[in-house]
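Good morning. I will take a few minutes on one protein, so please have the display open.

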Amino acid sequence: MQITAPAPIIYLPENLWSLFSRPGRELLVRVIGIEGKTLSLELGGDRFQARIGGTLNPEDFRVGENIRIRVMKNEGPIILQVLSPRPSKISPELNLLYLITSFKTKPSGSEVELKEINLMVDFVRDLLWNIIRREKGEIRREKEEFFLGKDLKTLKILYEENKIILPFLFSDEKSWGYLELGLPEEIEHRVKIFSFRLFLEYLGLVEGILSYLDQKVFVDLYFYNSQALELAKKEFKELHQMFLAKDILAKINLEEKKLAPGYLLEKEG
């Protein structure tokens, strides 16, 4: 009698936790194996497994295909909704996968820092979306509403010579920042749209510049905290891939800078 050993359990790698930390996020993963109700998946070279649930069956998947998923729940069991390529069930909201993890809850070591990185990613994503939609004539709003959106609290708008400063608070009311809009200027052969500064409670100062050249948008982010930069690399890589999937030309550049004493006073002066 021949006995086939079950496939080894492959838990979600800890370095992928941040990608599954925000409900509503969509990801593209590759199916590399199917055994019973267990899917072996791959994302960015890392492998993990998920249990098939809801109205889905093993026959709904093919080895080698890419499937688009959405994070539905990230507390307790992480629950994913399958969006493509075959979301043709009667109740698509029940096309579910349950991630196999070695933790009952998300690791807490960098939980607060990851939350701030997610705030930053959402902020940059919404800025780019609004710029693109405005160029297409899809939205016309007041300046502060157009740039900041509903998830940020706008503070008193400041007017200086040839520029407007839009301060805001993030939803946690602990991190804040401001946008600076001035006359168009050329930076490294590109046209600067605006710049911003973010002051995050745990990850510190982050500065950004948005510019464009022809049909391409450039986002340059400068981190003054090396830990913030390392955490941001994976998150912004996924954001860049999301824009590529929608045929949007956006280049995101991340760099580390040193914060010298008196730097902020020098900038303001």
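I will start with the overall picture, then go to a group of strands, and end with the cores.

This is a predicted model. The protein has four helices and 15 strands. Of its 269 residues, 44% are buried. The exposed surface comes to about 15,400 Å², and carbon and sulfur atoms supply 51% of that. If you take contacts between residues at least 6 apart in sequence, 52% of them join residues at least 24 apart.

Now the strands. S9, residues 163-169, pairs with S10, residues 176-182, in the antiparallel sense, over seven bridges. Leu169 has Trp176 in S10 as its bridge partner. Six residues lie between these two strands in the hairpin, and Glu173 there has a positive phi near 60°. S10 is also joined to S12, residues 190-200, by five bridges, and those two run antiparallel as well. On that side, Trp176 stands opposite Phe199 in S12.

Next, the cores. Which residues touch the most other members of the largest nonpolar core? They are Phe123, Leu179, Phe194, Phe196, Leu210, Phe223 and Phe236, out of 39 residues in that core. Elements that give two or more residues to it include S9, S10 and S12, along with helix H1, 111-135, and helix H3, 226-245. H1 gives the most, with 10 residues.

Take Phe123 as an example. Leaving aside neighbours within four places in sequence, Phe123 contacts Leu152, Phe168, Phe170, Leu179, Phe196 and Leu198. There is also a second, separate core of 24 residues, with Leu12, Trp17, Val31 and Ile67 among them.

Definitions and conventions. Residues numbered from 1 in each chain as written. Predicted model: local features only at pLDDT ≥ 70, side-chain atom pairs only at ≥ 80, totals over all residues. Heavy atoms only, no water. Pairing = 2+ DSSP bridges. Buried < 20%, exposed > 50% of the residue type's maximum accessible area, 1.4 Å probe, protein only. Contact = heavy atoms within 4.5 Å. Areas by Shrake-Rupley, 256 points an atom, 1.4 Å probe, with all protein chains shown as cover. Core = buried A, V, L, I, M, F, W, Y, C linked by side-chain atoms within 4.5 Å.
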